[in-house]
Amino acid sequence: MTERGNYLWLAHSKLRPAVLGAEILTGDLPEDVRGTSRIIRGGEAIWEAPFLSGEANMSHSIANLEHHHFKYDQFRCPGDVHVHFFGTATLSFAHAIKTEPGDIFEIEAEPFALKLRNELTIAQSNDVRVSAL
């Protein structure tokens with residue numbers, strides 16, 4: 001985790017390209033989000049844990065994160081849309097879970113109706129050669 005290197009990198013660790021789905025919540029941000037994360041293998045959950053998220057469960061406020069995001073010109077572009085992804089400290093690797101291709105990562109939480117499900121696949125490696133000029 002980027003922010004473990006330096007707590008001042010918290011805002012920067014949240015800036016990345018990402019995909020949206022299965023639902024997008026618009027309007028006021030939820031203060032308290034509760035849900036369950038699980039890893040499914042062969043149709044059975046091999047790991048499952050509850051999580052807390054939302055601003056009431058965060059170390060930093062949304063206002064603080066926005067202050068640090070938007071102090072950089074490149075993040076203040078007219079027409080851009082900024083999305084807040086809430087995180088959680090619920091981590092499968094803390095329980096020595098070793099994932100495998102085909103495992104399904106599933107997250108469900110209020111106030112969302114749909115579960116987010118992603119299957120783990122391994123991309124083929126490409127040999128890339130980089131040389132200094």
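Colleague: Which residues does Thr36 touch, not counting residues up to four places away in sequence?

Modeller: Thr36 touches Glu48, Ala49, Pro50, Phe51, Glu106, Ile107 and Glu108, where contact means heavy atoms within 4.5 Å. This is a predicted model, in which local features need pLDDT of at least 70 and side-chain atom pairs count only at 80 or more, while totals for chains, interfaces and linings use all residues. Residues are numbered from 1 along each chain as its sequence is written, and side-chain values use heavy atoms, leaving out hydrogens and water.

Colleague: Is Thr36 buried or exposed?

Modeller: Thr36 counts as buried because its relative accessibility is 19%. Buried means under 20% relative accessible area, exposed over 50%, and partly exposed in between, with a 1.4 Å probe and protein chains only.

Colleague: Where is Thr36 placed?

Modeller: Thr36 is in strand β1, residues 33–41. Strands are DSSP runs of E with at least two residues, numbered from the N terminus.

Colleague: What is the strand order in the open sheet?

Modeller: The order is β2-β1-β3-β4, with antiparallel pairing; two strands pair if DSSP finds at least two bridges between them. β2 (44–53) and β4 (116–119) stand at the edges with a single partner strand each, so one side of each has no neighbour in the sheet.

Colleague: How many bridges join β1 and β3?

Modeller: Six, in the antiparallel sense, with β3 covering residues 104–109. Arg38 stands opposite Glu106 in β3.

Colleague: New topic. How many aromatic pairs does a search of the whole structure find?

Modeller: One. The ring centres of Tyr72 and Phe75 are 6.3 Å apart and their planes are at 85°, so the pair is edge-to-face. Rings of Phe, Tyr and Trp (its six-membered ring) pair if their centres lie within 6.5 Å; planes under 30 degrees apart count as stacked, over 60 as edge-to-face and the rest as tilted.

Key:
Helices (H or I, at least four residues) and strands (E, at least two) are DSSP runs, numbered from the N terminus.
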